[in-house]
Amino acid sequence: MTGANERAADLPTPETVVFRRMTLEDIDTIVDIERECFAVPWTREAFYNELMYNQFAHYFVMLWQGDIIGYGGLWTIVDEAHVTNIGLRKAFRGRKLGERLFRELVAFASRQGMRRMTLEVRVSNVPAQRLYEKFGFRVEGVRRGYYSDNGEDALIMWADLPGGLQPGRAEPS
């Protein structure tokens, strides 16, 4: 059988992607994705510094058929996680993969014992806000003029995380 079913099998689904820690070798691909996603993308040096020198940083890549199609990062400080960035190649949007990627970040933060999670999002990025709301995030503030490309405000969103590291439980990988 050929046609639509065969073509659909050639596209990733939330169940067919896998995750691993970001490595230095991934940076060039991640910077390419950054350029697809953001008006002011992070630089290669910024990612290098995060991976090499920031003890609070945790970055992951989302793979489909061995290729990086998305990534996300966060900082874990005391009992709070701060999402620094999340990006997905344009060709793979609209397939619930961004939700799957964000779910991975939330689960990681929870396993690390984080009690709350925060992020900033453009006031104009309503689709992202709706995604975060699905995970229990709510607006708790505004950063005026936060985005340097156009001076747009950022909403500060927070959520309480489920679970967290339980006393006596081994630390997750």
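So, burial to begin with: of the 173 residues in the protein chain, 44% are buried. Please keep in mind that this is a predicted model.

Now, how is the chain put together? We have five helices and seven strands. If you follow along the sequence with me, the pattern reads α-β-α-α-β-β-β-α-β-α-β-β. As for contacts, take those with a separation of 6 or more: residues 24 or more positions apart account for 61% of them.

Helix 2 covers residues 27–37 and helix 3 covers residues 44–53. Their axes come within 9 Å and cross at roughly 125 degrees. Why do we call helix 2 oblique to helix 3? Because an angle between 115 and 145 degrees is neither roughly perpendicular nor roughly antiparallel, helix 2 counts as oblique to helix 3. And for those of you who like handedness, the crossing of these two helices is right-handed.

Which residues meet there? On the helix 2 side, you'll find Ile27, Asp28, Ile30, Val31 and Glu34. Helix 3 brings Arg44, Phe47, Tyr48 and Leu51 to meet them. Sorted by class, this contact has six nonpolar residues and three charged ones, with no polar residues. Among the residues on the helix 2 side are Asp28 and Glu34, while Arg44 comes from helix 3.

That's the pair I wanted to show you. Thanks, everyone, and I'm happy to go back to any part of the model.

Conventions: Residues are numbered from 1 along each chain as its sequence is written. This is a predicted model: local features need pLDDT of at least 70, side-chain atom pairs count only at pLDDT 80 or more; totals for chains, interfaces and linings use all residues. Side-chain values use heavy atoms; hydrogens and water are left out. Axes are lines fitted to C-alpha atoms, for helices over the stretch in contact, and angles run from 0 to 180 degrees between N-to-C directions. Helices (H or I, at least four residues) and strands (E, at least two) are DSSP runs, numbered from the N terminus. Angles under 35 degrees count as roughly parallel, over 145 as roughly antiparallel, 65 to 115 as roughly perpendicular and the rest as oblique. A crossing is left-handed if the near helix is turned anticlockwise from the far one by less than a right angle, and right-handed if clockwise. Contact means heavy atoms within 4.5 Å. Ala, Val, Leu, Ile, Met, Phe, Trp, Tyr, Cys and Pro count as nonpolar, Asp, Glu, Lys and Arg as charged, and the others, Gly among them, as polar. Buried means under 20% relative accessible area, exposed over 50%, partly exposed in between (1.4 Å probe, protein chains only).
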